[in-house]
Amino acid sequence: MAHDDTIHMAVPAATAGDDAAHECVGRLAASATHELQNALAVIRESAGLMQDLVSLCGEGLPHRDRLCTMLSLIQEQVARGGDLAWNLNRLAHAWEEDGEGPRDLGAVLEEFVALARRGCAMRGVELSQGDGPAVRVNAPGLPLRASLLRAVRCCLGEGLPGGPADDMAGEAARSSRPATGGALVLRAALHDGVPGVEMDFTPPGTRAASGATELSTTSADTARCMQACGAEVRQAEAAHLRFFLPCPNCTA
C-alpha cells in the first residue's frame with residue numbers, strides 16, 4: 001500500500017563558508033544550464049525548420065534520405081541533452097532545498113539516476129529507478145545526494161573516499177574491483193517510519209535464477225562497504241543484494 005508521508009529531516013550544521021561555496025556553485029551552474037537549454041532550443045527549432053524545408057523539396061532533393069536521418073538524429077540528441085540540462089538545473093538548485101518544505105523523494109531519485117547513469121554505464125552497470133511509495137521528505141538537498149553517490153560507488157566497486165566511513169570499511173572497500181556488469185535499481189521506500197532509498201543490486205556475472213545462496217568475495221565486499229556507508233543489508237544472496245539507505249539526518 002502506497003504511503004504519502006512527510007518526514008522532517010534535521011538540517012546539519014554548516015559553516016558560512018560552506019553555504020557560500022554551495023550557493024556560488026549552485027547559482028553559476030543554474031545560470032549555465034538555463035543558457036544551455038536556450039542553445040538547445042535554437043538547435044531544435046533550426047533542425048525542425050530544416051526538416052520542413054526537406055519535406056517541401058520532395059523526393060527530388062539530392063541525398064534526401066541521408067538529410068532526413070541526420071536531422072532526426074539531431075532532434076533525438078537535442079532531446080537527450082535537454083533532459084540532462086533539466087536535471088542538472090535541478091541539481092544546481094539542491095542547495096536551496098534545506099528548510100523549504102517537503103519534497104518528493106522519487107523526484108530526487110529521478111534527477112539523480114539521470115545524472116549518475118553514465119558513470120554506472122562506464123562500469124557496465126545499468127542504473128534505473130524502480131516503482132516505490134510516495135514519500136515526501138524535508139531533506140537537506142546536497143547531503144542526500146552525496147549519501148546516494150557514496151552508496152552507488154560502493155556497488156560499482158570503487159569503495160569509499162577518505163573519511164570515517166572508509167576507516168570502518170577497511171581493506172574491503174579499498175581493494176574491491178570495479179564492476180564490469182550487473183544492474184542497480186533505486187526506489188523510494190519507507191521502513192518502520194524511516195524514509196530512505198531501497199537499492200537492488202545484481203552483481204556482475206550472476207543470474208537471478210541461479211539458485212546460489214553464498215555470496216562471492218566481491219559481493220561480500222560490496223555488502224560490507226554499503227554497511228560502512230550507513231546502509232542496512234535487507235537481502236544478501238549470490239544473485240541479488242538489497243540494501244536500505246536511510247535519508248541522512250532523519251527525524252521522524
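A crossing of two helices is called left-handed if the near helix is turned anticlockwise from the far one by less than a right angle, and right-handed if clockwise. Both kinds occur in this predicted model, as the packing of α2, α3 and α4 shows.

The chain has 252 residues, of which 38% are buried. Its secondary structure comprises seven helices and nine strands. Among contacts with a separation of 6 or more, 71% link residues 24 or more positions apart. The accessible surface is about 13600 Å². Carbon and sulfur atoms contribute 55% of that surface.

Helix α2 spans residues 64–92. Its axis lies 9 Å from that of α3, at an angle of about 120°. The two helices are therefore oblique. Their crossing is left-handed. On the α2 side, the contact is made by Leu 84, Asn 87, Leu 88, Arg 90 and Leu 91. On the α3 side, Ala 107, Val 108, Glu 110, Glu 111, Ala 114 and Leu 115 take part. By class, seven residues of this contact are nonpolar, one is polar and three are charged.

Helix α3 (residues 105–121) also packs with α4 (residues 141–155). Here the axes come within 11 Å and cross at roughly 40°. This pair is therefore oblique as well. The crossing of α3 and α4 is right-handed. From α3, the contact draws on Leu 105, Val 108, Leu 109, Glu 111, Phe 112 and Cys 120. These meet Leu 144, Arg 145, Leu 148, Leu 149 and Val 152 of α4. Nine residues of the contact are nonpolar and two are charged, with no polar residue. Val 108 and Glu 111 of α3 take part in both contacts.

Methods:
Residues numbered from 1 in each chain as written. Predicted model: local features only at pLDDT ≥ 70, side-chain atom pairs only at ≥ 80, totals over all residues. Heavy atoms only, no water. Axes fitted to C-alpha atoms, helices over the stretch in contact; angles between N-to-C directions. Helix = DSSP H or I, 4+ residues; strand = E, 2+ residues; numbered from the N terminus. Parallel < 35°, antiparallel > 145°, perpendicular 65-115°, else oblique. Contact = heavy atoms within 4.5 Å. Nonpolar A, V, L, I, M, F, W, Y, C, P; charged D, E, K, R; others polar. Buried < 20%, exposed > 50% of the residue type's maximum accessible area, 1.4 Å probe, protein only. Areas by Shrake-Rupley, 256 points an atom, 1.4 Å probe, with all protein chains shown as cover.
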